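This briefing is meant for a reader who is meeting the structure for the first time.

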Amino acid sequence: MVELVLFIIFGLAALFGAVTTVWARNPVYSALGLMLTLFSVAVFYVSNGAQFVAAVQVIVYAGAVMTLFLFVIMLVGVDRAEDRRENLPVQRPLALGLLVLFGAGVLVAGRFAWVTGAEGGRGAEGTVEALGSELFRRWVLPFELTALLLIIAAAGTVALGLFRRGEAEGGDEGEAGEGEEAP
Amino acid sequence: MNGSLTFLSVAPEIALAAAVVLLLLVEVTFKPRAWAWAVVAGAGLAAGTALSAWQWVAHRGADTGTFWNGMIAVDGFAALAGLLVFPLAGLGLMSAWRLAASQGRRGAEFIALVLLAAAGAHLMAAAADFIMLFIGLEVFSLSLYVLAGFTRERVDADEASLKYFLLGAFASAVFLYGVALVFAATGSTTFYGDGGIADYLAGTVIFRPGVLLAGLALLLVGLAFKVSAAPFHVWAPDVYQGAPGGVTGFLAAAAKVAGFAALARVLTAVLGARADDWVPAVAVLAAASVVVGTLLAIVQDDVKRLLAYSSVAHAGFILTALVAGRGGVGDMWFYLATYAVQVLGAFTVAAAVSGDRAGRSPLAHWAGLGRRAPWLAAAMTLMLLAMAGIPLTAGFAGKVAVFRAAIDAGYLWLVIVAVLATVAGLFFYLRVIVAMYLASPEEGASLPASPAVGWGARFVLAVAAAATLVFGIAPWPLLEVLRDALPL
Amino acid sequence: MEAGEVMVSLLILLPLGGSALLLAFGRRLGEPAAGVLGTLTVGAAFVLAAVAGGDFLAGGAHATHIPWFDWLAPLGVRAGLLWDPLSALMALVVTGVGALIHLYSIGYMKADPGFGRFFAYMNLFVASMLILVLADGFALLFVGWELVGLCSYLLISFWFEKPVAAAAGKKAFVVNRVGDAGFLVALMLVFAAFGSLSYEEVLGRAAGELSTGMATAITLLLLMGAAGKSAQFPLYVWLPDAMEGPTPVSALIHAATMVTAGVFMVARTGVLFDLAPVSAAVVAAVGIGTALYAASIAVAQYDIKRVLAYSTISQLGYMFAGVGAGAYVAGMFHLTTHAFFKALLFLGAGAVIHALAGEQDLRRMGGLWRRLPVTTVTMVVAWLAISGIPPLAGFWSKDEILATLFARGGAWRAVWAVGLLTALLTAFYMSRLIFLALFGERRWAEGAHPHEAPKVMTVALGALAVLALAGGVVNTPWRPGLEHFLEPAFEGLDLAHLPSGATQWVLAALSVAAAAAGILLAAGAYLRARRPAEEGPTWELLRRGYGVDEAYARVFAAGGQAVARFTDEAVDQKGVDGLVNGLGVLVRTVGERLRPLQTGFVRQYGLGIVLGAVALLAWFLSRGGF
């Protein structure tokens with residue numbers, strides 16, 4: 001019973017947040033709406049027993065990522081009027097039509113018995129301990145190998161970022177080196 | 001499982017990762033000359049090759065199995081992938097050496113990224129779990145995204161990199177969705193062993209396989225993107241044309257090898273039980289790639305773009321082998337190995353003709369190359385003839401092998417389409433050859449300065465030419481050996 | 001490996017090695033050493049072929065297989081040679097005529113800057129042709145087939161500085177590729193049906209295992225390849241243009257040897273054509289149609305080499321008609337005699353052109369017989385041979401084909417009638433050529449000093465003239481030597497036979513009458529003081545070869561380009577190229593507009609991927625249901 005009430009309350013909140021994100025004219029409101037949605041989803045995670053994911057959701061997304069978003073918005077300037085001109089006039093009706101189609105698809109698909117095969121759920125407990133032991137026992141190799149991704153990220157950033165400084169003779173002037181590529 | 005093998009199973013990756021870390025640390029600490037990079041990178045790649053060779057000798061065919069809780073496989077397939085990818089990365093580095101050396105201190109990162117891409121490619125081939133496969137895919141792809149935009153003085157290199165990244169991320173997402181659906185249908189992401197996907201599919205009759213098949217379709221899309229099979233090829237021409245000349249060869253060769261390795265393992269070993277479902281789809285993809293690649297290559301006026309479309313057609317030829325399922329894997333390797341060398345050689349010549357950093361390579365640059373640089377022109381001619389499938393080159397033997405595999409599998413129509421495309425393909429390969437030998441440079445055309453070829457590129461071309469001829473004249477020993485390069 | 005096998009292997013290796021040597025050192029060897037080397041290798045090959053083939057004459061020898069090496073052995077692809085009477089005959093013709101043409105070329109190509117290169121290519125060509133005829137399976141046959149095509153490309157555009165020559169080479173290559181496409185698909189079908197490409201397997205098992213439908217499909221596709229290589233309708237257009245090459249090339253490739261590859265292939269795979277009567281009939285119909293068609297065009301040409309080119313096409317048509325009717329021996333016989341007299345005609349024409357410093361137009365020749373006695377005598381021999389005047393070589397072979405066609409009765413009689421008409425036309429246009437070029441008044445330019453060709457050239461002419469004169473004796477109705485010789489190669493085939501008794505005499509008389517009528521008509525028109533006007537719409541139509549070339553250019557070249565352009569514009573330019581071209585401009589217009597447009601393009605790509613994914617999904621879900 002408590003679960004149902006929680007679901008209704010936070011479900012509505014999540015929807016409200018999502019609509020606000022898209023609808024609001026002021027980008028700060030959009031960001032706050034997104035934050036509300038992220039919080040509400042975190043609540044769902046808790047009610048499904050996935051405490052760790054919920055915590056990650058709040059700390060990483062609602063915390064770090066959203067703060068970053070807000071920084072960017074502040075830097076760009078809140079007062080900048082948003083340009084709402086449509087480049088593709090058919091886009092809105094098309095989107096609406098596709099939405100209806102998608103809804104119909106979901107409803108139709110829901111009527112079929114989707115056989116989803118064997119029991120999958122390992123680590124039913126979403127606690128930090130359960131996740132940690134999964135991650136460092138069974139999945140330790142993939143976990144460690146993500147280190148390679150971090151190296152790529154670091155090396156790639158350095159390489160691409162260093163370019164302008166390294167090529168002082170004209171990199172900053174824009175497209176100095178592309179004279180012959182002109183169409 | 002055999003404990004001593006646990007670390008040896010990922011030893012090539014460890015060797016490469018160590019080389020990468022060493023390279024970056026040495027670079028930061030000592031700021032050495034370029035030859036030091038070459039030593040470290042060469043040592044890493046040599047170690048990776050040696051370890052793959054050891055895996056091949058010790059564990060090919062033998063039912064060695066998987067390690068790290070079913071994450072990684074040690075088998076002839078993975079070992080051969082290592083034996084192919086690591087030397088290929090070495091050749092790619094030699095071909096790109098002038099480019100790397102011209103980039104100042106950024107050269108170290110360039111080399112590190114090539115090594116990481118090689119590690120990722122090998123991981124893709126050796127992965128025995130979808131999660132592993134995905135990580136390998138990302139390691140590989142992310143390295144290539146950066147490499148494609150490495151020389152940022154040209155805006156289209158940036159563009160190539162960004163577009164490759166966006167579309168690649170999109171394809172990765174589709175792939176991941178496929179993994180999720182397959183997981184939903186089979187309850188596992190692991191390929192082998194008790195409760196693995198292959199085991200589950202072999203032992204279970206699924207009455208409503210909708211979820212599984214939807215997953216299969218999305219997996220196919222994700223991997224077809226990587227190997228640039230039509231209609232998922234749209235990125236290839238732009239990226240090949242935009243990327244700096246020196247690196248395009250490695251980009252093209254490695255992407256094919258890694259993508260097809262993953263595709264072959266997933267389709268034949270993991271989803272082999274559902275072959276009736278995916279074989280027709282793969283056949284259609286193959287036919288579409290062959291036709292689209294050939295038709296569009298005919299109308300190109302830029303050699304790099306032409307080679308890009310030809311690589312789409314070649315993706316189709318290689319897919320033709322997979323139509324035969326497990327029986328076609330050896331033929332696929334043969335085609336893949338010889339084609340990878342050819343395409344690397346061809347782009348190496350293109351880089352020499354139009355410049356290491358240049359993106360485009362219009363046909364006008366090639367006019368009269370036969371007189372200006374006879375050896376370069378001869379090497380290019382050999383590569384093109386091999387790609388066209390002229391007898392006594394490896395390209396012909398490869399085509400015979402994959403066609404034979406497809407005929408055995410009962411896909412005569414596909415072979416007929418492919419043969420017709422081969423014939424039509426000769427036109428555009430010949431166009432380049434004609435331009436090199438029969439055309440003279442236009443008056444006043446601004447040709448790039450006389451082609452300068454580094455020692456690395458010369459070595460690459462010599463190896464490519466030798467391999468193309470040797471395996472063209474006597475393909476059978478290699479084909480025989482590759483019969484052992486099967487996934488578990 | 002025993003002696004015979006070594007000899008046959010050397011047969012190919014000698015010219016091949018010569019070619020490699022000449023390619024490497026041709027320039028250093030210089031004149032005439034390079035030519036001598038080239039001639040010697042081919043001549044030695046001829047001697048070997050004669051010695052190795054001698055066993056068959058005795059009648060005791062069997063066909064031998066000479067395995068070279070296993071090339072993709074488990075795929076049934078082996079490289080090996082087959083030495084039987086049929087390949088022996090072809091090898092003798094190729095090396096014999098080839099050696100004489102090499103000899104002639106030493107004189108003809110004198111002082112050409114590409115002297116060494118020329119002989120390297122010529123040697124390579126002979127080697128390729130030998131690979132083609134000696135192959136013991138379709139795989140090696142195809143290797144030779146492609147090499148021959150490549151060599152013809154190299155040799156036609158030998159003077160590639162001339163744009164016409166380069167274009168002609170390309171045309172030959174492209175048209176041949178069209179035929180090759182059919183040939184390749186035929187090989188695929190053969191492989192699908194038998195799992196092997198060796199003649200032994202395929203031809204041995206065909207009778208028992210091949211359905212008529214499959215046999216028809218395979219043979220029709222083979223015919224497509226043969227028509228490309230042997231310049232039959234509708235793929236003949238490359239041959240007249242191929243005359244842009246040096247004249248010895250025309251003699252070697254486009255008269256005596258390369259074009260016979262198609263006829264040889266049909267004869268070699270006769271077992272398959274036997275199983276598919278429809279295809280055999282199509283072969284004969286294409287052949288006789290081409291014969292008449294090309295002969296009619298030859299009547300109206302002014303370029304001496306083009307007359308001969310169309311004449312070659314027409315004569316090849318005879319051979320096709322012969323093998324299509326099951327008269328394999330007659331077809332091969334005509335192939336042999338034709339090689340003699342057509343090579344002679346080309347070399348004679350070369351001598352005339354040589355004498356007039358490059359003039360090829362018949363209207364600017366005439367009265368040359370006084371200045372070129374040797375050439376004239378040999379040309380006259382060739383002319384009478386091709387016209388079918390007994391007892392020269394051409395009479396026996398042509399008459400044998402015609403008689404066999406008549407003997408088969410039924411609709412074949414119509415084929416025979418067309419053949420007879422063609423014989424008349426042949427005699428007419430050949431006489432026109434001879435009368436215009438060698439006799440009548442002199443019309444060549446003032447200041448030209450026609451002179452007889454050097455010794456090396458006239459020796460070759462003389463040798464060929466002897467062959468054209470007496471070559472017919474190998475297979476006369478009284479002593480059918482060639483038939484006995486070739487019999488083992490066509491064992492088990494339903495061979496067509498000559499009519500007997502009086503019919504034979506009547507038929508022979510008829511064909512001689514046709515030839516004589518043709519010659520007399522031409523004499524009436526061209527030996528008079530005033531040349532006929534040769535104008536009017538019919539003449540114009542014939543002169544332009546019925547406009548087929550122009551039509552091809554319009555339909556195929558333009559059509560093919562249109563397809564490619566369409567894909568280019570609809571798919572590539574708007575989607576892909578548009579992006580790249582537009583990008584340079586776009587990126588510079590930094591501003592608000594940049595981003596939405598750019599993502600628009602990537603979105604387009606994304607849309608492509610999504611559509612592909614949807615198609616795949618639809619396929620899989622339709623397989624599995626929900």
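**Chain A and its confidence**

Of the 183 residues in chain A, 11% are buried. The model described here is predicted, and the points below should be read with that in mind.

- Chain A contains six helices and zero strands, and from the N terminus on its elements follow the order α-α-α-α-α-α.
- Among the contacts of chain A with a separation of 6 or more, 46% are between residues 24 or more positions apart.
- The mean pLDDT of chain A is 77, with 74% of its residues reaching 70 or more.
- Among the elements of chain A, the highest mean pLDDT, 91, belongs to helix H1 (residues 2–23) of chain A, and the lowest, 81, to helix H4 (residues 91–111) of chain A.
- Over residues 165–183 of chain A the pLDDT stays under 50, and for this stretch the model has 24 contacts beyond four places in sequence. Where pLDDT is low, the predicted coordinates should not be read in detail.

**Chain C and its helix H1**

- Chain C has 24 helices and two strands, and 57% of its 626 residues are buried.
- Of the contacts in chain C between residues at least 6 apart in sequence, 81% join residues at least 24 apart.
- Helix H1 (residues 3–29) of chain C spans only 32 Å between its end C-alpha atoms, whereas a straight helix of 27 residues would span 39 Å at 1.5 Å a residue.
- A kink of about 55 degrees, centred on C:Leu23, is found in H1(C).
- The buried residues of H1(C) include C:Val8, C:Leu11, C:Ile12, C:Pro15, C:Gly18 and C:Leu22, and just after this helix C:Gly30 takes a positive phi of about 75 degrees.

**Where chain B meets the other chains**

- In the contact between chains B and C, 48 residues of chain B are in contact with 43 residues of chain C.
- The elements that give two or more residues to the side of chain B that touches chain C are helices H8 (155–186), H10 (210–226), H11 (235–242), H13, H18 (394–408) and H19 (412–437) of chain B.
- By class, this side of chain B that touches chain C has 39 nonpolar, two polar and seven charged residues.
- Towards chain A, 44 residues of chain B are in contact with 31 residues of chain A.
- At least two residues each of the side of chain B that touches chain A come from helices H2 (11–30), H6 (107–126), H7 (130–148), H8 and H10 of chain B, and H7(B) gives the most, with eight residues.
- The residues of the side of chain B that touches chain A divide into 26 nonpolar, nine polar and nine charged.

- Helix H13 (residues 275–298) of chain B has 24 residues and reaches 34 Å from its first C-alpha to its last, close to the 34 Å expected at 1.5 Å a residue.
- H13(B) is mostly covered, with 17 of its 24 residues buried.
- The largest nonpolar core has 469 residues, of which B:Leu115, B:Ala254, B:Val257, C:Ala343 and C:Ala468 touch the most other members. Helix H15 (residues 329–354) of chain B gives the most to this core, with 19 residues.
- Leaving aside residues up to four places away in sequence, B:Val257 touches B:Leu84, B:Val85, B:Leu88, B:Ala121, B:Leu336 and B:Ala340.

- B:Tyr192 lies in the loop between H8 and helix H9 (197–203) of chain B, and B:Tyr192 counts as buried because 20 other C-beta atoms lie within 10 Å, which just meets the cut-off of 20 or more.
- Although B:Tyr192 and B:Gly65 are 127 residues apart along the chain, their C-alpha atoms are separated by 8.3 Å.
- Not counting residues up to four places away in sequence, B:Tyr192 touches B:Thr66, B:Gly70, B:Ala73, B:Ala128, B:Ala198 and B:Leu488.
- B:Phe134 has its place in helix H7 of chain B, and B:Phe134 is buried because there are 21 C-beta neighbours inside 10 Å.
- From C-alpha to C-alpha, B:Phe134 and B:Leu123 are 9.3 Å apart in space and 11 residues apart in sequence.
- With residues up to four places away in sequence not counted, B:Phe134 touches B:Phe175, B:Leu176 and B:Val179.

Note on methods: Residues are numbered from 1 along each chain as its sequence is written. Chains are lettered from A and ligands numbered from 1 in the order in which they are written. This is a predicted model: local features need pLDDT of at least 70, side-chain atom pairs count only at pLDDT 80 or more; totals for chains, interfaces and linings use all residues. Helices (H or I, at least four residues) and strands (E, at least two) are DSSP runs, numbered from the N terminus. The expected span of a helix is 1.5 Å times one less than its number of residues. A residue is buried if 20 or more other C-beta atoms lie within 10 Å of its own, exposed if 12 or fewer, and partly exposed in between; C-beta atoms are placed from the backbone. A nonpolar core is a set of buried Ala, Val, Leu, Ile, Met, Phe, Trp, Tyr and Cys residues joined through C-beta atoms within 7 Å. Two residues are in contact if their C-beta atoms, placed from the backbone, lie within 7 Å. Ala, Val, Leu, Ile, Met, Phe, Trp, Tyr, Cys and Pro count as nonpolar, Asp, Glu, Lys and Arg as charged, and the others, Gly among them, as polar. pLDDT is the predictor's confidence in each residue, from 0 to 100. The bend at a residue is the angle between axes fitted to the seven residues ending there and the seven starting there.
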